[in-house]
Structure formats: structure tokens, C-alpha cells
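Reader: Let's go through this one together. I'd like to know what stands behind each label you use.

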Amino acid sequence: MLKGISPLLSPELLKVLAEMGHGDELVIGDGNFPATTMGKRCLRCDGHGANELLDAILSLLPLDDFVDAPVTLMEVVPGSMPDGEPPIWERFRKTVGKHEPQAKIGFEERFAFYERSRKAFATVQTGEGALYACVILKKGVIRQP
């Protein structure tokens, strides 16, 4: 364990975050997301929720401010959420706003989200049980003062 770094961030995940470059993407998948089939790097974070990992990751990872929406959520499939938007999305909005208040959140159709996930630098498989709790983050740069 290290000072100032969330214990949710494993050594392997810290290494992946450090290796990512500007424009690389990281997928946080919920417990139903087919993370292992998506790409070359799948990190397991079973037992942890997607929003808690999002919070820990955004404490270290800058978001890309060269794109309109550096955070992307999977669009709800019509008819799959009769009560409207997934409740976890509001938690995601608050977490993103806490770390990067100017960052916008975009949405991508389910199969386009999967295709984009296949090209991501890495995928983090969480144990999140909430539906539509999948997020793509586009890494930005850290500007020197």
C-alpha cells in the first residue's frame, strides 16, 4: 500500500494507468460486461463497484480535454430500462464532476460501445451488479505549470 493512493488500485492497475498515453482509453466494465473477450489486457477487480473504481482511477488519471466527451457510457437498449435512466449514472456524473468538473459525458450504442472497447488500452472487470455500469475513459495530459 502507498500513501495517497486508493487501496482499490492494484499494482497491476497502477502499472496500466501509468503506461497509458494521451488518447488511450480504459474501459470499466460492470459484472455483466464481457471484459475478457474485449481486448488484450483485462484486469480483474471482483468485489469492487464500478463507481468506487471510477473514483479511485480519476484521482490519478487526467481526462482528455481535446475531445468533446472524454467519458462515455453505454446507451440503454430501448425497452430494457422501463424506469428511465440507470440510477448508477447519477453517481457516475457526481464522481466525474468531483475530479474533472468541465468533463462532458457522452453515450454510445451498445454494439458500438463493444467495438470501441475491443480497441481500448485495457479493460477493468468489476463486480458491479448495477445495469449499464460500463464506462470508457479517454486519458488526457498533465500540464506542467
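Author: Let's start with Asn51, which, leaving aside its neighbours within four places in sequence, is in contact with Arg91, Phe92, Thr95 and Glu128. Contact here means heavy atoms within 4.5 Å. Bear in mind that this is a predicted model: local features need pLDDT of at least 70, side-chain atom pairs count only at pLDDT 80 or more, and totals for chains, interfaces and linings use all residues. Residues are numbered from 1 along each chain as its sequence is written, and side-chain values use heavy atoms, with hydrogens and water left out.

Reader: Why is Asn51 called buried?

Author: Its relative accessible area is 9%, and buried means under 20% (exposed is over 50%, partly exposed in between; 1.4 Å probe, protein chains only). So Asn51 counts as buried.

Reader: Where does Asn51 lie?

Author: Asn51 lies in helix H2; helices (H or I, at least four residues) and strands (E, at least two) are DSSP runs, numbered from the N terminus. Seven of the nine residues of H2 are buried, so the helix is mostly covered. Those buried residues are Ala50, Asn51, Leu53, Leu54, Ala56, Ile57 and Leu58. Their cover includes helix H1 (11-19), strands E1 (25-29), E2 (42-45), E5 (122-126) and E6 (135-138), and H3.

Reader: What makes H2 roughly parallel to H3?

Author: H2 (residues 50-58) and H3 (residues 88-99) pack at an angle of about 10°, with their axes 10 Å apart. Angles under 35 degrees count as roughly parallel (over 145 is roughly antiparallel, 65 to 115 roughly perpendicular, the rest oblique), so H2 gets that label with H3. The axes are lines fitted to C-alpha atoms, for helices over the stretch in contact, and angles run from 0 to 180 degrees between N-to-C directions.

Reader: Which residues make the contact?

Author: From H2 come Ala50, Asn51, Glu52, Leu54, Asp55 and Leu58, and from H3 Arg91, Phe92, Thr95, Val96, Lys98 and His99.

Reader: And Tyr132, how do you know whether it is buried or exposed?

Author: Its relative accessibility is 12%, so by the cut-off already given Tyr132 counts as buried. Tyr132 sits in the loop between E5 and E6.
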